[in-house]
Amino acid sequence: MKKIMVVAGARPNFMKIAPLMREFRKVRRQVEVLLVHTGQHYDYQMSEVFFKDLDIPTPDIYLEVGSGSHAVQTAKIMLEFEKVALAHKPDCVIVVGDVNSTVACSLVATKLNIRMAHVEAGLRSFDRRMPEEINRLVTDAISDYLFVSETSGMKNLKKEGVPAKKYFYVGNVMIDTLLAHLPKINRSRILSALNLQPRGYCVLTLHRPSNVDSKEALEQIAGILRQIPAQVKLVWPIHPRTKGKISEHKLDAVFQSLENLILVEPQGYVDFVRLVKDARFVLTDSGGIQEETTFLKVPCLTMRENTERPVTITEGTNILVGRDLKKISRSMRAILQGKVKQGKTPKFWDGKAAVRIVKILLQELTAGK
Ligand code: UD1
């Protein structure tokens with residue numbers, strides 16, 4: 001029987017592995033699957049709550065690497081994952097997304113001659129100052145099976161000279177998760193818990209180093225938030241990194257003085273998606289939220305200069321606004337006046353991406369024997 005290792009480490013990985021684990025369960029007579037959690041994210045609200053919300057089985061192996069600089073974190077994951085890969089000798093390792101856990105485990109697996117699959121391959125922001133872009137480039141360069149979520153990914157891989165037989169357009173596993181959990185999302189009580197009305201608020205998420213690490217960027221953000229009209233509440237599930245930086249730069253009082261701001265802990269999957277689904281708009285620097293808002297047809301203002309997910313702009317509801325106050329004010333005003341971008345759902349964002357991936361992988365792995 002073939003043995004596959006699925007790796008997850010940080011929050012945005014969990015919604016991507018959930019549908020894969022579900023599909024693998026259906027073929028458990030043909031393939032043994034081990035789930036490895038690197039421990040890159042470890043707080044309850046950054047990790048465990050997602051396992052509960054998404055019914056992901058408890059990891060078989062937990063590496064407990066924790067936080068650190070990029071080099072420290074990546075190296076620690078590699079050290080621990082190598083031991084695990086040597087002990088279990090999987091036929092294939094699956095990594096998802098673009099976090100440090102993704103690149104660390106791909107490097108280890110490839111050097112042990114274990115076949116590598118990357119889910120969410122081919123995305124490119126063309127901005128090498130982003131740690132995630134380096135993680136994407138390296139992971140794709142050394143993977144054997146590249147599963148692509150939007151057509152830009154196919155073009156990028158082709159341009160990079162990746163042989164066509166290595167990459168597959170399968171759609172978006174995050175949307176698999178969203179669709180599978182819609183009934184739960186619709187039952188969430190988060191709106192009443194926070195005393196919110198549908199469309200009476202916007203959601204903010206920020207964690208990119210370029211937006212939250214310097215005092216100057218954080219002050220600019222406070223200025224932007226002040227532009228949001230007082231009648232529109234602003235729900236901010238704050239990432240631990242951002243919370244830490246605000247305290248470090250002694251800006252707590254600046255943010256607390258915003259009267260319409262509702263600061264909350266990072267939310268679990270179900271409550272968070274419910275908040276997004278009923279929001280007037282979302283202001284974010286996340287990767288995944290650009291896709292979820294496109295699917296949910298909620299306007300999304302992305303506080304970045306570029307995106308590795310261009311389909312959310314060409315087909316979806318996303319607009320890149322950076323930290324440009326004028327652009328943000330203009331876009332917010334338009335949304336509040338009801339002038340919203342009407343998006344459409346990209347191809348294969350249909351809840352079946354994981355089905356396609358598991359089918360292809362089983363074929364490839366048995367053909368390769
Ligand atoms: C990581 C990913 C990023 C992803 C984001 C989603 C990389 C390079 N970055 O960024 O792509 O969009 O996750 O959240 O892999 N911390 C806690 N508790 C936790 C985890 C982190 O308090 O459970 C704090 C620590 O102080 C840590 C900081 O947050 O130093 C940053 O965590 P880290 O995993 O290094 O990067 P993220 O900013 O979360």
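Into which domains is the protein chain divided? There is domain 1, covering 2-172 + 349-367, and domain 2, covering 187-336; these bounds come from an automatic or database domain assignment. Please note that this is a predicted model, in which local features need pLDDT of at least 70 and side-chain atom pairs count only at pLDDT 80 or more, while totals for chains, interfaces and linings use all residues. Residues are numbered from 1 along each chain as its sequence is written, and side-chain values use heavy atoms, with hydrogens and water left out.

Let me now turn to the interface. The C-alpha centres of domain 1 and domain 2 lie 27 Å apart. In contact, meaning heavy atoms within 4.5 Å, are 24 residues of domain 1 and 19 residues of domain 2. The two domains bury about 1,800 Å² between them, and 57% of it is on carbon and sulfur atoms. Buried area here is the accessible area (1.4 Å probe) that two parts lose on being put together, summed over both. On the side of domain 1, Q45, E150 and W349 lose the most area to domain 2, together 29% of what that side buries.

What is the count of salt bridges between domain 1 and domain 2? The count is three, where a salt bridge is a side-chain nitrogen of Lys or Arg within 4 Å of a carboxyl oxygen of Asp or Glu. R208 and E132 also meet through their side chains in a salt bridge, at 2.9 Å from N to O.
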